[in-house]
Amino acid sequence: MPLETIRHLFRALAGFGRAMLGSLRDLVPIIAVIAVFQLLVFRQPLENFGSVVAGLALVVLGLTLFVFGLEMGLFPVGEQLAHAFARKGSLPWLVAFAFALGFGTTVAEPALIAVSAEAGRLTGGGEAWQAALRLTVAAAVGAALVVGVLRILLGWPIQWLIIAGYVLVMVLTPLAPRSIVGVAYDAGGVTTSTITVPLTTALGVGLAGSIRGRNPLIDGFGLIALASLTPILFVLLFGAVWPVGGVGE
């Protein structure tokens, strides 16, 4: 086996070990809370203790593999794509990619599917309404990434975009059907998924690092905040355009 390959293998193993230690560190507070309440409040041992331990071990392993995969794959890919688009110098392609990235990573998000299905069940919205809600949220995230990319390119201050967005939210909230308001506000949270966040971050940081005069720390972050804001606006408008049961209640 070539020496360089062995070095890469040892670096990968070292990175995996660090990721596993990080996963254990992150899970310790959760385990401690469960143990304290189980032993001091309920004063009884855990049922199926062996299954619980095995499940926790699988959680640690799964979380480690996920984090390690992000560091090896998604973050580098996102930054490489951002650098490539910056070198290409084509704004239409960059905007199209940003929208497609936001839309594609959101439309199949399990949390969004669950929220859409539950909202449809409670409001009487059919499958078409639920699908339209998902597409609306996905389009909102795509639009957020487009605005975020333009902000990085043009140097727009992030705080004014956020302030203006939430002012619009406050204006639209009283005008939207009451049955959609809670769904709209929750839609902003379900978009920050385990896939969307790392790719979005990598895109912003990579793009800001590729443009002269931009600081990746100052200009590269903020896309996730926009991706949490625009779904609220889009869903409030969606509820006004396509009302379902519970309107005015």
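This is a predicted model: local features need pLDDT of at least 70, side-chain atom pairs count only at pLDDT 80 or more; totals for chains, interfaces and linings use all residues.
The expected span of a helix is 1.5 Å times one less than its number of residues. Helix α5 covers residues 127-154, 28 residues in total, so at 1.5 Å a residue the helix should span 40 Å. Just after α5 comes Gly155, whose phi is positive, at about 80°.

Let me now turn to the chain as a whole. The protein chain holds ten helices and zero strands, so that, from the N terminus on, its elements read α-α-α-α-α-α-α-α-α-α. Along the principal axes, the C-alpha atoms fill a box of roughly 60 × 60 × 30 Å. The chain has 249 residues, and 36% of them count as buried. Its exposed surface comes to about 14000 Å², with carbon and sulfur atoms supplying 72% of that area. As for contacts between residues at least 6 apart in sequence, 81% join residues at least 24 apart.

Finally, I would like to consider the largest pocket. What space lies within it? The figure is about 200 Å³. Two elements, α1 (3-41) and α2 (49-88), each give two or more residues to the lining of this pocket. Helix α1 gives the most, with five residues. The lining includes Ile31, Ile34, Ala35, Gln38 and Leu39, together with Pro45, Leu46 and Phe49, among others. By class, the lining residues divide into ten nonpolar, one polar and no charged.

Definitions and conventions. Residues are numbered from 1 along each chain as its sequence is written. Side-chain values use heavy atoms; hydrogens and water are left out. On a 1 Å grid over the protein atoms alone, a cavity is a set of points where a 1.4 Å probe fits but cannot get out, and a pocket is an open set with protein on both sides within 12 Å along at least five of seven lines; lining residues have an atom within 4 Å of a point. Grid points are joined across faces, edges and corners, and a volume is the space filled by probe spheres set on the points. Helices (H or I, at least four residues) and strands (E, at least two) are DSSP runs, numbered from the N terminus. Ala, Val, Leu, Ile, Met, Phe, Trp, Tyr, Cys and Pro count as nonpolar, Asp, Glu, Lys and Arg as charged, and the others, Gly among them, as polar. Buried means under 20% relative accessible area, exposed over 50%, partly exposed in between (1.4 Å probe, protein chains only). Contact means heavy atoms within 4.5 Å. Accessible areas come from the Shrake-Rupley method with a 1.4 Å probe; for residues, only the protein chains shown count as cover.
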